[in-house]
Amino acid sequence: STILMRKILFSVLALLILQTVQAQGRFGIKAGTNIFILNSKTLQPQDYDQPKLGTIAAVTYTQTLNKRFSLQAEFGYSFQHAQESYYDSKINLNYAQLPLLLQVHPEGTSTALYAGPQLNFLSGAKIKYKDGTERAGKSQFVQTDFGICWGIGTRPAFKGSSNNFTVDLRVFNGLANVFKSTYDNGNITRSNIYSLTVGYLFSNK
């Protein structure tokens with residue numbers, strides 16, 4: 001359940017914080033853009049299938065496990081936007097994001113493949129209608145979203161740099177209902193987020 005996954009993620013994050021004094025752990029920052037889609041299988045007015053560009057920023061902490069594996073925890077904040085075609089309303093959602101990712105580092109490359117669970121905590125929601133009116137919509141949404149995050153990251157080498165810059169391409173597939181309300185014998189609403197970020201890893205020395 002979402003509550004159980006929340007407890008597990010918080011426990012692992014607490015353990016990672018306790019490890020920050022170790023030399024192999026590194027903090028980082030990143031920011032970029034995202035594309036957000038909120039799909040509804042049965043209710044067209046809740047099918048926000050026209051993505052709009054949003055933004056995301058995050059603080060990261062990476063703990064090296066060995067030469068091939070590392071564990072990365074993040075605290076991010078995301079602004080997500082999409083539009084549906086039934087009433088042409090636009091949705092704006094703000095989430096605090098907590099992904100916990102297992103990274104695999106192929107030998108001889110600066111690339112990492114990763115996947116792991118992610119919890120999203122809703123902090124704000126607005127719905128804007130075609131006539132220009134807006135209303136707060138937070139009460140219509142489940143406050144916690146849960147899903148699987150996966151993607152690929154790399155540390156490009158620039159001449160004269162310390163190879164601390166990062167580029168990250170990521171997909172989040174939601175597994176929980178986003179809207180509270182259910183219609184047509186149980187409307188299913190799932191979020192999908194595609195993001196591209198650039199970042200910087202601070203030295204652990």
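**View 1. The overall fold has one helix and nine strands in the protein chain.** Helices (H or I, at least four residues) and strands (E, at least two) are DSSP runs, numbered from the N terminus. Along the sequence, the order is α-β-β-β-β-β-β-β-β-β. This is a predicted model, in which local features need pLDDT of at least 70 and side-chain atom pairs count only at pLDDT 80 or more, while totals for chains, interfaces and linings use all residues. Residues are numbered from 1 along each chain as its sequence is written, and side-chain values use heavy atoms, with hydrogens and water left out. Of the 205 residues in the protein chain, 41% are buried (under 20% relative accessible area; exposed means over 50%, partly exposed in between, with a 1.4 Å probe and protein chains only). Contact means heavy atoms within 4.5 Å; among contacts between residues at least 6 apart in sequence, 64% join residues at least 24 apart.

**View 2. Gln-72 sits in strand S3 (residues 69-83).** Is this residue, Gln-72, buried or exposed? Gln-72 is buried, with a relative accessible area of 9%. Its side chain makes a polar contact with the side chain of Thr-62 at 2.7 Å, and the side chain of Gln-72 makes another with that of Gln-103 at 3.2 Å. A polar contact is a pair of N or O atoms within 3.5 Å; within protein, one must be able to donate a hydrogen and the other to accept it, and residues adjacent in sequence count only if both atoms are side-chain atoms. Leaving aside neighbours within four places in sequence, Gln-72 is in contact with residues including Tyr-61, Pro-99, Leu-101 and Arg-170.

**View 3. Glu-74 meets Lys-30 in a salt bridge (3.2 Å, N to O).** The pair links distant parts of the chain, with Lys-30 in strand S1 (residues 25-40) and Glu-74 in strand S3, 44 residues apart. Both Lys-30 and Glu-74 are buried. The side chains of Arg-170 and Glu-74 also meet in a salt bridge (2.8 Å, N to O). Here Arg-170 lies in strand S8 (residues 165-174), 96 residues apart from Glu-74 in strand S3. A salt bridge is a side-chain nitrogen of Lys or Arg within 4 Å of a carboxyl oxygen of Asp or Glu, and the count by this rule comes to five.

**View 4. A salt bridge joins the side chains of Asp-88 and Lys-130 (3.6 Å, N to O).** Asp-88 lies in the loop between S3 and S4 and Lys-130 in the loop between strand S5 (111-128) and strand S6 (134-136), so the pair ties together parts that are 42 residues apart in sequence. Asp-88 is partly exposed at 27% relative accessibility, whereas Lys-130 is exposed at 67%.

**View 5. Tyr-77 and Phe-79 form an edge-to-face aromatic pair.** Their rings lie 5.1 Å centre to centre, with 70° between the planes. Rings of Phe, Tyr and Trp (its six-membered ring) pair if their centres lie within 6.5 Å; planes under 30 degrees apart count as stacked, over 60 as edge-to-face and the rest as tilted. Tyr-77 is partly exposed, with a relative accessible area of 30%, and Phe-79 is partly exposed at 35%. Elsewhere, ring pairs link Phe-165, Tyr-200 and Phe-202 into a cluster.
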